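Please keep the sequence and the model in view while reading.

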Amino acid sequence: MRLPHHHRWRVRAGDAQRGGGFHVGLLLPELQTARYEAFDRPYFEQALADLCPACDLSYANADQDVDEQQTQAQAMLTDGVDVLVLGAVDSQAAAGTVNEAQSQGVPVVAYDRLAQGGVDMYVSFDNVRVGQVQAQALLEAIERQGTAGDGQIVVINGSPTDPNAADFKSGAHEILDGQIDVGQEFDTPDWSPDQANSQMEGAITSLGVDEIIGVYSANDGMASGIISALRSAGVDTEDLPPVTGQDAELHGIQRIIAGEQYMTVYKAIRPEAEIAAAMAVALATGQDLDAGEYTLTDVEDADGEPVPSVLLDPIAVTEENIGDTVVSDGLHSIEEICTDDYADTEFCQEAL
Ligand code: GAL
């Protein structure tokens, strides 16, 4: 079966449903990052409806709460779902849910984050690569500013319970270590922008704001807290050090065109959601997954077991390629980006 509505992402889940549908449960982790409600959820709903018009979908967002996610999964299992698609809040804690599902014969697709406990399939991005791309861009920006020898960078990583955060961090360190001084480094519970803001305030106090030549921020939400801290310390837009991000959030893109944030990482959520839907259909119907243009690889889970997976490529986005990436893919329109506050930016002047 092919996805009819979008020719670029072709994934087939064998010969899915011809008559009756089945019941899919989608569990997403949080609300702090705009992507889950704004894109992952609707793209998944659409992809499932295309692949299996007769299927039912139950949806829940755990708002960062591990116990809540367990309760939501339990309710779906009680309700008789045939397959779970799980974006885990905490990948280790999720093992309980995965085991419970499997004991009831319900397969599990790990969505974006590799839940432990022996999932059946996994779709995500190459997350080590995300960290490398962020760090590479940061070094290039520092190089261009000619400030490399003048100070230190601050590194603000994501949530310790998110296995992706560990991958972003190790990818970043592969590039940064030995190349630049890291003045302070933090892990940020729940990917909280507020915590990132306080951590940055702490770094400014202990290093001195003029010493900070760049900030590695693992995502856009935290970049907003980091940039506010620099602003509160009296730094003007043109003097802000380069700050990285991830998720190509609308506000991240707006900060980039305003010259506040240097870059973000764009992860095309539509194919991720479409592949997840095709995996769910394949598992529920017992069909093979035909990954189409994507490569199916084995990723080892925490127990060393191979999980059939698709890992997509992340893309670095700076002001130069916003048009060719997030705009041309339909993630954010020029109208959404160029609101009144941003109409005077060079980007919007050219685009409007
Ligand atoms: C990661 C995910 C990112 C971002 C982040 C913050 O697991 O890959 O895209 O959402 O969590 O929640």
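A polar contact is a pair of N or O atoms within 3.5 Å. The model examined here is predicted. In it, a polar atom in the side chain of aspartate 162 is 2.5 Å from an oxygen atom of the ligand. For aspartate 112, the distance from a side-chain N or O atom to a ligand oxygen is 2.6 Å. Arginine 113 places a polar side-chain atom 2.8 Å from an oxygen atom of the ligand. On its own, the ligand has 310 Å² of accessible area, and the protein covers 100% of that.

The shell around the ligand holds 13 residues, of which Glu30, Arg35, Asp112, Asp162 and Asp247 come nearest. By type, the shell consists of seven charged, three polar and three nonpolar residues.

The largest cavity is the space that the ligand takes. Helix 1 (35-51) and helix 5 (163-176) are the elements that contribute two or more residues to the shell.

Methods:
Residues are numbered from 1 along each chain as its sequence is written. This is a predicted model: local features need pLDDT of at least 70, side-chain atom pairs count only at pLDDT 80 or more; totals for chains, interfaces and linings use all residues. Side-chain values use heavy atoms; hydrogens and water are left out. A residue is near a molecule or strand if one of its heavy atoms lies within 4 Å of it. A polar contact is a pair of N or O atoms within 3.5 Å; within protein, one must be able to donate a hydrogen and the other to accept it, and residues adjacent in sequence count only if both atoms are side-chain atoms. Accessible areas come from the Shrake-Rupley method with a 1.4 Å probe; for residues, only the protein chains shown count as cover. On a 1 Å grid over the protein atoms alone, a cavity is a set of points where a 1.4 Å probe fits but cannot get out, and a pocket is an open set with protein on both sides within 12 Å along at least five of seven lines; lining residues have an atom within 4 Å of a point. A molecule sits in a cavity or pocket if more than half of its atoms lie within 2 Å of its grid points. Helices (H or I, at least four residues) and strands (E, at least two) are DSSP runs, numbered from the N terminus. Ala, Val, Leu, Ile, Met, Phe, Trp, Tyr, Cys and Pro count as nonpolar, Asp, Glu, Lys and Arg as charged, and the others, Gly among them, as polar.
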